[in-house]
Amino acid sequence: MSQSEQAQIDTLLKNDYEAGFYTSVESDTLPPGLDEDVIRFISNKKGEPDWMLEWRLEAYRGWLEMVEPEWAHVRYPKVDFQALSYFSAPKSMADKPKSLDEVDPELLRTYEKLGIPLHEQEMLAGVAVDAVFDSVSVGTTFRAKLFEAGVIFCSISEAVHEYPELVKKYLGSVVPRKDNFYAALNSAVFSDGSFVYIPKGVRCPMELSTYFRINEAKTGQFERTLIVAEEGSHVSYLEGCTAPMRDENQLHAAVVELVALDNAQIKYSTVQNWYPGDKEGKGGIYNFVTKRGVCHDSAKISWTQVETGSAVTWKYPSVVLRGDNSVGEFYSVALTNNHQQADTGTKMIHMGKNTRSTIISKGISAGQSQNAYRGLVRMSQRAEGARNYTQCDSLLIGDRCGAHTFPYIESRNPSAVVEHEATTSKVSEDQLYLCQQRGLDAEKAVSLIVNGFCKEVFKELPMEFAVEAGKLLEVSLEGSVG
Amino acid sequence: MLSVKELRASVGDKEILKGLSLEVKAGEVHAIMGPNGSGKSTLGHVLAGRENYQAIGGSVEFDGKNLLDMDTEERAREGLFLAFQYPVEIPGVSNMEFLKTAVDAVRAHRGQEAIDSVQFMKLAREKCKAVNLDDQFLKRGVNEGFSGGEKKRNELMQMMLLEPKLCIMDETDSGLDIDALQVVAEGVNAMRNEDRAIVLVTHYQRLLDFIKPDFVHVLSGGRIIKSGDHSLALELEEKGYGWITKEVA
C-alpha cells in the first residue's frame, strides 16, 4: 500500500472516530463475543459507509437463525463463537519478533526446505522488517503496470471506499449473505481480502498474487475476496503461498466470489498451508471456506487447489454454469497427514446449454488422517447437451488412514452426459523398493511417487507454483513412512 | 568384492537360504542357476535388502563393508544394483526424472555434485540408443505401459547410467525374444570390465550363450550345491537339474 493511500485510509478512519458512536474506539482489540455492537465496531473501525454496515448486520441477523452444518465427514470440538474475538488490529512493530532469531526454529527449518529466501522468511514469520525493505519496490512497479491496463487490484476495504458501485453490485451476488452458516458469519464480520476488477476485453498483464499484498494489513481470519472479470477479459489469480504462515486464529472462514461475464476467463489457484496441528493432532486451523464462481455465456472458470494444511478443511470451490457454452474446471490435490481431516471437492451446477465441466481430484492420505472427496454435478432441465467428466483418485500411504468419496449426481436433462471415474490405490512396497534399490531414501521415494500421482493437477498450476507445490508435498509428508 | 558366507535367510517365517556361500571378485561374471523354488530370486532380494527378506545367519561382505548392516538405499549407493525380474510401474513419474534423481542420489553419496540436466539428457539418450529404446521412453512414466521386453531394457538402461560395482540380474532373459535377448546381452557385455562384477540369476542356459560366465553355480534347497565353468551350464541344459540334486543327496 502506498503512503498516500495509507494516509487516505487513516483520514477516513479518523473521520469516523470523530463521528464515532461506539465508546471504546480507543481499544484496538475487542474482547471475545459477537453481537450487533461488535459488527458496528468493526464497520466503524474500517470507516465503512452505512450501506456496508447494513449489509453486514443483515448477514448477522441471518446467521443467528442458522445452525452449524454437521454433514461433512470431519470431527472436531464445537467452536464457541462467543469465545472468539472478531477484531484485532495488526500487531504493532514493537510486538513483533525483532529478527528471525526470535522465531520458532521449526518454522525456519520448513522455510529452509522450501527454499524461501531470507527476506521473504522475515515477512512470512511476521518479523518487524525495515521500512526500506517494505514491499514498496515490488508493489509500486507492479501497481503501475496494472493501472496502465485498467486493472483494479486492491484490498476489499479500499474497494468499499473507492469503488462502492462495483462492490454493491457484485458483493454477495455469487455467495449470498445467507448462503450457509460460515458464509453468513463471514459476511457479518469479514476482516479484509482482495478485490479484483478486470475491464472489458483486457488480459491482465501478470498473475495476480495475494503474495504481493502480504505486507499490507493482515487479512485475518475472515477473508473476503471478490473478482469480477468483465466481458472477454482474462485473469489468473494466485492465493496463498507454500510457506506456512504464523497465525494465532484457529477458525478461518473465508468467502471467495468470482464473476466471469460473457467470454471472460478466470483461473484461480490456491496453495493452502495453514498450520495442521502437531503429530498428536493438537491445535491446527479449522478452514471452513466458501468459494464459488458464476460463468456467463461462453465464460470459463478454473479452480486449482493444493491443500496440505489445516487440521480440518471444509471446502468446495464451485462453478455455476449459468451461461450457455460456459466451462467449469476443478483440479485439486488434497493431502492429509497425521491427524488432519479434509472434506473437500466441488459443485458444478450446469444451467446453460452445452456447458462443460471437468473435475480432477487427487486425495492423498497418510498417518491417521481422513480425506474425503465430496462433489456435486447437477444438470438442470435447461442444460441441453451439457457434459461433465469427473476423475477422482485416492492414494493411501500406510494402513491407518482413510479415503472416502461422496459423489452426488443429479441430472434433469436426458441429453446431458455425466462421467465419473474413481480409483483408490496404495503406495506399494514394490514401488518403494524399486526406488530405494536405485538409491533413493524412503521419504524421497514417497514424495516422488506422490508427485507423479498429482501430475495432472500440478500441470494446471502456474510454473513456479508447481515446483513449489512439489516441494511442499515432500515437506508435508515428512514422517509418513519408515 | 562380494563375499557371502554361510548365509541363512528367511522370507516371512520361511527359511529359504540355508547356508549359502559365494565369492565374487571384481571383473568376474557368475551365473546362478537352479530349479524353480531353489532360492535364486531370494538371494538377489536379500542382498539388495528388500523388506521382509531377513538374513538370520552368516555374513555378507561387500567391498570390505558389512552389507547386512546397510539400508536398502545405502547398498544401492555403494554400488549394488539389482535388475528386477518384474519391474514395477510408477505412474506419472517420468523415467527421466526418476533416473536423474537416482543418479544424483548415488553421486551425492560419493560426494559429487548433482549432474547437469543437459549433460544428463545427452547421456540418457545415448544409453537409450544402446539398449534400442526410443528416447520417447524417457518422457513416459517409469515402466508405465511398457511391454515386458521394454521393461527389461529399461532396467538395463538404468544399470548403465548408475554404473554400479556389482550388478545382480534377476531372470533378465525371461520374457525376451531372441532379438531383444541379444540387445540385452550386448549391453551387459559392454559393461564388463575389470572393476565390475556381474551375477546373472537365470533358469535357462540360453542367456549364457550370449554372456559367457566365468563361473556357474547351481543353487538348490537354499545352498550352492555345485560350481563349475560354462560347461556346467551346458551339461545342465542337456540333463536338467535332476542328476545334480540326486548326486548331492
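A: **Salt bridges of chain A and their setting**

Glu239(A) and Lys291(A) join through their side chains in a salt bridge, with N and O 2.7 Å apart; the term denotes a side-chain nitrogen of Lys or Arg within 4 Å of a carboxyl oxygen of Asp or Glu. Because Glu239(A) belongs to strand E5 of chain A and Lys291(A) to strand E9 (residues 286-295) of chain A, the pair ties together parts that are 52 residues apart in sequence. Helices (H or I, at least four residues) and strands (E, at least two) are DSSP runs, numbered from the N terminus.

The model is predicted, and therefore local features need pLDDT of at least 70 and side-chain atom pairs count only at pLDDT 80 or more, while totals for chains, interfaces and linings use all residues. Residues are numbered from 1 along each chain as its sequence is written, chains are lettered from A and ligands numbered from 1 in the order in which they are written, and side-chain values use heavy atoms, with hydrogens and water left out.

Glu329(A) is part of strand E13 (residues 327-336) of chain A and Lys300(A) of strand E10 (residues 300-307) of chain A, so parts that are 29 residues apart in sequence are tied together. Glu329(A) counts as buried at 12% relative accessibility, whereas Lys300(A), at 25%, counts as partly exposed.

Glu68(A) and Lys78(A) form a salt bridge whose closest N and O atoms are 3.9 Å apart. Both residues lie in the loop between helix H3 (50-64) and helix H4 (105-114) of chain A, so the pair ties together parts that are 10 residues apart in sequence. Glu68(A) counts as buried, at 14% relative accessibility, but Lys78(A) is exposed, with a relative accessible area of 56%. Elsewhere in the chain, a network of salt bridges links Glu36(A), Arg40(A) and Arg61(A). Over all chains, the structure holds 30 salt bridges.

Several of the strands named above also belong to a sheet. This open sheet of chain A has eight strands in the order E3-E5-E8-E10-E13-E15-E17-E19, with parallel pairing (two strands pair if DSSP finds at least two bridges between them). At its edges stand strand E3 (208-209) and strand E19 (417-426) of chain A; each has a single partner strand, so one side of each is left without a neighbour in the sheet. E3(A) runs parallel to strand E5 (residues 234-239) of chain A, and two bridges join them. The bridge partner of Leu208(A) in E5(A) is Tyr237(A).

The wider chain gives the context. Chain A comprises 13 helices and 19 strands, and 57% of its 482 residues are buried. Of the contacts in chain A with a separation of 6 or more, 84% are between residues 24 or more positions apart, where a contact means heavy atoms within 4.5 Å. Among the helices, H9 (residues 181-189) of chain A is mostly covered, since nine of its nine residues are buried.

In total, 33 residues of chain B are in contact with 19 residues of chain A. The area buried between chain B and chain A is about 2,100 Å², with 62% given by carbon and sulfur atoms; buried area is the accessible area (1.4 Å probe) that two parts lose on being put together, summed over both. Across this interface the rule finds two salt bridges. One that joins the chains is formed by the side chains of Glu155(B) and Arg438(A), at 2.5 Å from N to O.

How values were computed: Buried < 20%, exposed > 50% of the residue type's maximum accessible area, 1.4 Å probe, protein only.
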